[in-house]
Amino acid sequence: MSRRIHLMLVLIGLVVAWEGLFLYAGEEALRGPLETLQDTAKLLTTTLFWMHFGETARAFALALALAVCGGISLGTWLGFHRLSSELFVPMLIGFASVPKVVLYPLVLLAFGLGFPAKVAFGAMFGIPPIALSTIGAVANIRPVLIKLGRVLGLNAISMARVVLIPAVLPEIMTGLRLGFSVTLIGTILGEMFAARRGLGYLLMTAIGLHDVTLIMSLAFVLTSLAVSASAVLLSVDRRLRQKF
Amino acid sequence: MLADAATPLVTLRGITRVFPPIAGGGQPIHALGPLDLDLRTGEFFAVVGPSGCGKSTLFELIAGLQQANDGTIAFEGKPITGKVPDGIGVVFQEDSCLPWRTVRGNIALGLRKSGLSRAEQETRIEHVLVLMNLVEFASHYPAQLSGGMRQRVCIARTLVMEPRLILLDEPFAALDQQTRLLMGEEVLRVWRSTSATVFLITHALDEAAMLSDRIAVMSARPGRILDIVETAWPRERDSRILEDERFGAISARLWRLLRDETIKAADAH
Amino acid sequence: MHTRWRLTLARVLILLAFTGILEILCAAGTIDPLTMQPPHRILLDLVHLLGSGSFNRAIARTLSNAMIATSMAIIVGVVAGSLIHRIRGLRDALDLLFSTWYAVPVLAFYPLLIVIFGLTNLPSIMIGFMQGVVAVIVTTLDGLDRVPRVLRKLARTQHMTTLETAWLITLPAAAPWLLGGAKLAVVFSIIGVVASEFLMAREGMGFEISYAYNNFDNARMYPLIVLVIVFSVTVNSLLLRWEARLARRRGLKP
């Protein structure tokens, strides 16, 4: 109940800050909240937008699938295999700290301009946080639970189903939430540099043309999408944590 | 200095503590009292009681960390009001060593405002290091010490302030039984050599029976004092009094007083 | 200690083997020299470029911008975190904002910052700051939450003033988390600054890479990419090591 009030207050605060920035920076640089809303509504009626949106959605879905599968498998392997984890986890952490945009020429050279490149870009962003959270989750399984499974004589499959998966789920969920967000950012960045279609590309052309209206509407759409998806995942995350 | 029954060191009169209800409704919690108690100067006094009976609340009231809703507490005749009085040293149940300071640094913490010269401070610190057998660990960090050693550091940090009343809140609860007995001996030794008054909260009946001159037994919540058991041990004593037949009798008496209250407390949960 | 060195050695060998494979692939012509130059060539180019000093301006600009962004993020983050920690309601309200902050594609706002502030250092610094500050706030809150209650009580039994409590108890107790937040601020600020330079700037390492790429100047691009990677990994691992040492001394999980 009070959560909703807090949310409202934050939203009002943001809108006020936005309006204030608009008054300071002026028509040249920004659009006000109300105008942006109208512009966005208009944008949403164009087929052009939906064409690019569909393209981004497709690339993102694939990138996310890759990031989730890749991240969880990598994390499970490193989480259970001690030597590999000691060898490779520092490398993974190192990779996570690299500004990945500078790698985009490499991705482009490997995949060429277009769909595969932005998928690769998205997945590249998403894999490290998912893998790292999976490693953490596996490392945090209480040893007594595994002993319990062995005492109960569970085979590998039941062990995974009854003990391991429920034990790691909440923590992996946190990684998935983060992974979801950064995969989306990665995909859009990939489109900005390495594609001829998609919302990222549209944003890049708008930047090139100094089309403030389009920039604002796109930034608004992308932010609302990303934030609401993240908020939904956050509530799932919290529910899981309460349950276990 | 021997016990002076005429002027108590601490007096509690009609002490009551009620906690406001937890946010989101519910009843206020009547934790303690009304309760009267006198601590005699120089005695070793213990409080036992079922869990949740308000022992720690009583402790924090005397330490000046909480304020009573009703009643008065006085230390050396002066009322305690929401501030830890000078002359009271406090040792907590949880490890309260500052992990970023060495043993010496932790002990020195107590002397920041003592007004003593550097040399005097050093002398005092050396003295408690010797007293608590910590000399060779003076430059260790707490993480390098066992739980028992860390609790010794906390006691040393209190002693360096030369308190007239030492409050101990289940200081050995996290230690194993053997270490506890030996730590108990140490506290007895310190008590004898400093002539301070000791007020100990514990849930271990044997610990209370072995260490104390007097033991207050508290009821289930709201905590009241059911009875005060006098042990009549000599001032020179150590854990070997566990063999004494009176020790068994005292422990048994404590348990007889506590058994019903413990059941009551367990049912209330 | 011994095993740690062996592990480091093994990691170096793995990287060398990987580089070796690239070298062979390049030599065999499997990788077109127009696509990528052989690793030894990249290394030579890097040495040459660093020696010639032609990157010094770019490096200096990126470093100074990242440093300004980091310091701003740390100072603002710690102060804001400490204030928010005191006001329960504010914290609940901002919680959602903080937990969804990193979902926002901040770079999408970079062009707007350029329009507002011009093509100066400021938009880059702002992006780096925005990337870093929330991580610092969140870790500060976390650190302050974890100051054991018994230490706050200890402060009262030791008659400490508010300032003394902060200086002697709260800040040191929260230090491992504050350091963790500072580490994130450094990493995120570097990422934000380089990425924004890459997108649009007049100078900086990110700009140089994108410029070299657009001009098919492999002799400049690859050494620069290697430089950025080596730099960020080095900074990150140094900070991690410091963090681990602090945690060990505190008896926290390494």
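**Helix packing and chain interfaces in the predicted model**

In chain A, the axes of helix α3 (residues 47–80) and helix α6 (residues 115–139) come within 6 Å of each other and cross at roughly 35 degrees. The crossing of α3(A) and α6(A) is right-handed. Sorted by class, the residues in this contact comprise 18 nonpolar, 7 polar and 3 charged residues. The model described here is predicted.

Chain C contains 10 helices and 0 strands; its order along the sequence is accordingly written α-α-α-α-α-α-α-α-α-α. Taken along the principal axes, the C-alpha atoms of chain C fill a box of roughly 75 × 55 × 30 Å. Within chain C, helix α9 (residues 205–214) and helix α10 (residues 218–250) have axes that come within 8 Å and cross at roughly 150 degrees. Because angles over 145 degrees count as roughly antiparallel, α9(C) is roughly antiparallel to α10(C). The crossing in which α9(C) passes α10(C) is left-handed. On the α9(C) side, the residues in contact are C:M205, C:E208, C:I209, C:A212 and C:Y213. These meet C:R220, C:M221, C:L224, C:I225, C:L227 and C:V228 of α10(C). By class, the contact of α9(C) with α10(C) has 9 nonpolar and 2 charged residues, with no polar residues.

Chain C also takes part in contacts with other chains. Of the 2 pairs of chains that touch, chains A and C have the most contacts. This contact takes 53 residues from chain A and 46 residues from chain C. The area buried between chain A and chain C is about 4300 Å², and carbon and sulfur atoms give 82% of it. On the chain A side, A:S97, A:P99 and A:V102 supply 12% of the area buried against chain C, more than any other three residues. The rule finds 1 salt bridge across the interface of chain A and chain C. A salt bridge joins the side chains of C:D95 and A:R238, with an N to O distance of 2.8 Å.

The contact between chain B and chain C takes 26 residues from chain B and 19 residues from chain C. About 2000 Å² is buried between chain B and chain C, of which carbon and sulfur atoms give 61%. In chain B, the residues that lose the most area to chain C are B:L65, B:W100 and B:R112, which together account for 29% of what that side buries. Across the interface of chain B and chain C, 2 salt bridges are found. The side chains of C:K153 and B:E60 meet in a salt bridge, at 2.5 Å from N to O. Chain A and chain B, in turn, are joined by no contact; the closest C-alpha atoms of chain A and chain B lie 12 Å apart.

Two features of the backbone of chain B were also noted. Most residues other than glycine have a negative phi, and most peptide bonds are trans. A cis peptide bond joins B:R221 and B:P222, with omega about -5 degrees. B:P222 is placed in the loop between β9 (214–218) and β10 (225–230) of chain B. At B:E170, a residue other than glycine, phi is positive, near 40 degrees. B:E170 belongs to the loop between β7 (165–169) and α5 (177–194) of chain B.

Key. Residues numbered from 1 in each chain as written. Chains lettered and ligands numbered in written order. Predicted model: local features only at pLDDT ≥ 70, side-chain atom pairs only at ≥ 80, totals over all residues. Heavy atoms only, no water. Axes fitted to C-alpha atoms, helices over the stretch in contact; angles between N-to-C directions. Helix = DSSP H or I, 4+ residues; strand = E, 2+ residues; numbered from the N terminus. Parallel < 35°, antiparallel > 145°, perpendicular 65-115°, else oblique. Left-handed = near helix turned anticlockwise from the far one by under 90°. Contact = heavy atoms within 4.5 Å. Nonpolar A, V, L, I, M, F, W, Y, C, P; charged D, E, K, R; others polar. Buried area = accessible area lost by both parts, 1.4 Å probe. Salt bridge = Lys/Arg side-chain N within 4 Å of Asp/Glu carboxyl O.
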